[in-house]
Amino acid sequence: MPTPPTAPHLTKAFQWDLGRQVERLDFLLRWLPRYAEWGYEELYLHLEDAVEFPRVPGVARRDAYSHRQFARLVAAATAAGIRVVPIVNLLGHTQYLIKVPALRDLNELRDASGDPLDQGQICPLHPRTLPVAASLLDDLAPFCTAGKVHVGLDESFHLARCPRCRAEVRRRGLAAHFAGHVQRLHRLAADRGLRLGIWADMLALLPGAIPALPRGMIAYDWYYYPFARHPRVELRNFAEADLAPALRARGVEYWGCPMNGAFRHEPLPVFGDRLANIAAWWRRCRRVGAAGLLVTSWEANRLAIELTTAVDAAAACLWLDPGVEDPREMLARGFARVFGRSAGLWPATPKGRPGAGATANARRLARIALSGDAFAFAGYPRWQINDRWDVCAERGGLRKAAAELRAIERICRAGSPWLAEAPRRRPDPATSGHERHQRERRHREMPPSNVAYPSALAASLAFRLYLARRDVFVRRGAEGVFALRRAAAALVGRALCPPDLPVGGDKPRPTAREILATLRDEADAFAVALRAGLAAARVMWRRSRDPRVPGPNERMLADDARRLAAWRRWLARAARGPAIAWRATPVCGAWQLQFTVHHFAPAMQKIVVEQRRSDGRRQLLHGCHLIEFRAFAAQARAAIRREFSVPVPAAGGVAPATGLLRIALRGLGQVAVGGVVLTNGAVSLRPSGWDPAARSILGRPAPQRGFPDLDWTVDRGAVRLGFRSDRWSQCTRLTLTDEP
């Protein structure tokens with residue numbers, strides 16, 4: 001009987017994104033043998049300006065690894081049996097080169113006079129591009145111990161913007177233009193004895209380039225959400241794309257690439273989404289005969305790096321523990337492998353394997369961590385609060401934020417009861433000074449090492465708890481300002497207020513003094529919560545990074561502290577003269593444009609609100625991308641509903657500025673907009689001629705073929721909003737007194 005063919009070996013690889021943050025060398029060295037124990041064979045290092053390039057001075061940033069440090073890292077990987085593949089971006093994501101004044105002329109993007117812009121990507125046909133690329137590869141070649149170099153080329157959306165490239169595209173076409181750059185880089189790599197690798201997303205957008213690719217190169221197909229059979233293309237409204245057959249026919253090696261951790265501002269991985277994504281790629285790689293599986297990692301600078309390491313360790317179940325694909329069991333074993341016996345998560349067993357399985361405590365931790373996925377701080381609509389507080393006065397936002405806070409407090413309480421203890425608004429007179437000091441100290445410090453949660457997870461949950469408290473605090477502040485305005489409107493009388501938002505009623509209303517006292521108490525309590533959040537952020541950062549350098553979470557909290565100080569100053573002024581409540585505040589504008597975005601066909605959209613100025617030009621009031629970064633949004637049809645609230649200035653007094661407002665859509669795809677209201681909390685106005693039940697569809701369906709025109713400055717659809725000026729006059733008589 002003939003022997004059945006053996007399945008091709010599937011290389012298991014992991015990635016460290018050092019380009020976004022430099023991890024301490026001692027931390028990285030400690031984990032390399034562990035990754036080898038888990039069966040990983042290759043390490044991909046995303047670098048950008050995180051390493052010294054002797055032949056290209058000026059590229060390395062201040063905290064970059066020296067050539068000697070990088071050599072030590074690669075030598076340690078080799079000693080552990082792990083081969084290294086550096087990633088050096090050579091088309092998209094080349095801001096690390098353009099930032100250097102001597103290299104800025106490489107930029108594809110130019111201003112009207114032809115001078116290079118400060119932002120963009122390098123031009124593939126610039127006469128200096130290949131010499132610079134050759135120097136970068138010369139510096140990295142000694143560290144390519146896998147015999148490969150990865151040159152990125154992903155998300156290169158600014159192709160053919162300069163005259164030189166536009167001329168070539170007219171002659172040869174965009175696919176040939178891109179393939180030509182790959183061919184030239186392939187020759188550079190081959191001259192140094194290296195195989196060339198690129199990300200495959202541009203091949204999905206330019207499939208005509210595949211027949212022109214050099215044989216023997218490697219294409220790394222990436223997609224970071226769960227899928228059933230084929231990965232999808234976000235720009236094409238998540239249409240399926242199967243590149244494997246065409247690449248195999250061309251003689252290009254195919255790899256599958258999931259991701260282990262956070263997108264952008266997420267403080268914790270969405271564990272369920274990540275593990276489902278990895279398992280989907282594992283099944284696909286085995287089905288199509290892929291050469292390797294690369295578990296990528298991106299922008300992990302806002303989380304504790306051990307948590308993405310735990311996802312890598314959980315992924316190892318797919319080859320160490322065949323048949324274990326349940327996310328709870330995978331994550332439990334990942335926690336056991338990373339946090340080890342010291343946390344009581346698994347018994348003593350060889351080779352980093354949890355033997356019969358993780359302990360009950362590890363499974364409990366996995367269950368708790370996965371329960372947090374339902375409240376993930378994910379997606380651009382959620383992240384607006386990181387940049388400004390006055391866009392959080394949306395309809396129903398406080399109710400939803402309060403429910404989420406209660407749920408996160410339960411999660412924190414499950415492992416560390418003190419962690420979810422709410423900071424007091426004012427000292428309890430019955431509590432001694434020592435007790436108050438101890439309570440506040442618990443909010444400033446991390447839990448001791450013997451708590452149920454490992455320190456990395458405890459700190460991460462403490463920081464997530466801060467974010468939930470901030471969500472509630474800011475929205476309560478906006479509600480408080482609205483309450484001040486309603487209190488004043490009640491004095492004027494029901495006749496002055498339009499029927500859109502009644503302000504009368506028999507229910508007793510708090511006075512302005514009472515409202516302000518409550519807001520001051522809440523500000524005092526939030527100051528304590530902010531200190532606890534800062535302590536958590538520092539623990540998350542300092543576990544693997546330079547403690548002398550503030551991380552992005554710490555910088556964000558510094559901004560929050562400044563906003564809190566501005567809010568407290570505003571409250572003090574309001575106590576002296578409550579009439580300022582009609583003006584813009586740190587937590588809401590004089591007016592808020594509230595509307596609902598129905599995200600029914602996810603692609604790559606951005607919603608913007610503009611106002612026409614007196615000179616006829618449009619002023620941008622706010623803009624927000626609509627990418628959710630969640631599995632539930634990674635589909636062609638969705639039922640995502642997001643409430644938005646954008647501050648609109650007043651025209652000197654109480655009435656809103658008279659400029660015409662517009663809601664516009666940019667990017668690719670469609671959304672529906674409805675429920676538009678302009679309110680100051682006391683008076684609510686609807687657009688003239690607008691049916692309250694109607695929805696206006698903006699944009700066009702995302703293109704299913706051709707290279708996308710992704711220009712974030714171009715409106716793809718807009719709705720103009722006008723409000724009757726005779727209704728505004730009702731606002732001008734509203735004043736606020738000290739005691740309604």
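A: Let's start with a term: two strands pair if DSSP finds at least two bridges between them. Strands (E, at least two residues) and helices (H or I, at least four) are DSSP runs, numbered from the N terminus. What you're looking at is a predicted model, so local features need pLDDT of at least 70 and side-chain atom pairs count only at pLDDT 80 or more, while totals for chains, interfaces and linings use all residues. Residues are numbered from 1 along each chain as its sequence is written, and side-chain values use heavy atoms, with hydrogens and water left out.

The strand to zoom in on is β11, residues 591–612. Of its 22 residues, 20 are buried, where buried means under 20% relative accessible area, exposed over 50%, and partly exposed in between (1.4 Å probe, protein chains only).

β11 has several partners. With β12 (residues 618–625), the pairing is antiparallel over seven bridges, and there Gln-611 sits opposite Gln-619. β11 and β12 make a hairpin with five residues between them, and Gly-616 in that turn has a positive phi of about 90°. With β14 (residues 661–679), β11 pairs in the antiparallel sense again, over 15 bridges, and Glu-610 faces Arg-662 of that strand. The pairing with β13 (residues 640–648) is antiparallel too, over nine bridges; here Phe-595 has Phe-644 as its bridge partner.

On a 1 Å grid over the protein atoms alone, a pocket is an open set of points where a 1.4 Å probe fits, with protein on both sides within 12 Å along at least five of seven lines, while a cavity is a set the probe cannot get out of; lining residues have an atom within 4 Å of a point. Points are joined across faces, edges and corners, and a volume is the space filled by probe spheres set on them. The second largest pocket has a volume of about 570 Å³. It's lined by 26 residues, and the closest to its centre are Arg-382, Glu-394, Lys-400, Arg-475 and Arg-642. β13 supplies at least two residues of this lining, and so does each of α14, α15 and α17.

Some of those names come back in the salt bridges (a side-chain nitrogen of Lys or Arg within 4 Å of a carboxyl oxygen of Asp or Glu). Arg-475 forms one with Glu-394, with the closest N and O atoms 2.9 Å apart. Arg-475 lies in helix α17 (residues 455–492) and Glu-394 in the loop between α14 (380–387) and α15 (397–415), so the pair ties together parts 81 residues apart in sequence. Arg-475 is buried at 11% relative accessible area, and Glu-394 is buried at 16%. Both belong to a salt-bridge network that also links Arg-382, Glu-404, Arg-464 and Asp-471.

Arg-464 is another residue of α17, and at 4% relative accessibility it counts as buried. Its contacts (heavy atoms within 4.5 Å), leaving aside neighbours within four places in sequence, include Arg-382, Glu-404, Phe-375 and Pro-267.

Stepping back, the whole structure has 50 salt bridges. One of them joins Glu-23 and Arg-545 at 3.1 Å, N to O. That pair spans 522 residues, from the loop between β1 (11–17) and α1 (25–37) to the loop between α18 (512–542) and α19 (552–576). Glu-23 is buried at 4% relative accessibility, as is Arg-545 at 0%. Arg-548 and Asp-546 meet as well, at 3.0 Å; Arg-548 is exposed at 73%, whereas Asp-546 is partly exposed at 24%.

Finally, the aromatic rings. Rings of Phe, Tyr and Trp (its six-membered ring) pair if their centres lie within 6.5 Å; planes under 30 degrees apart count as stacked, over 60 as edge-to-face and the rest as tilted. The search finds 36 aromatic pairs in the whole structure. Phe-14 and Tyr-35 have ring centres 3.8 Å apart and planes at 10°, so they are stacked. Phe-14 lies in β1 and Tyr-35 in α1, so this pair ties together parts 21 residues apart in sequence.
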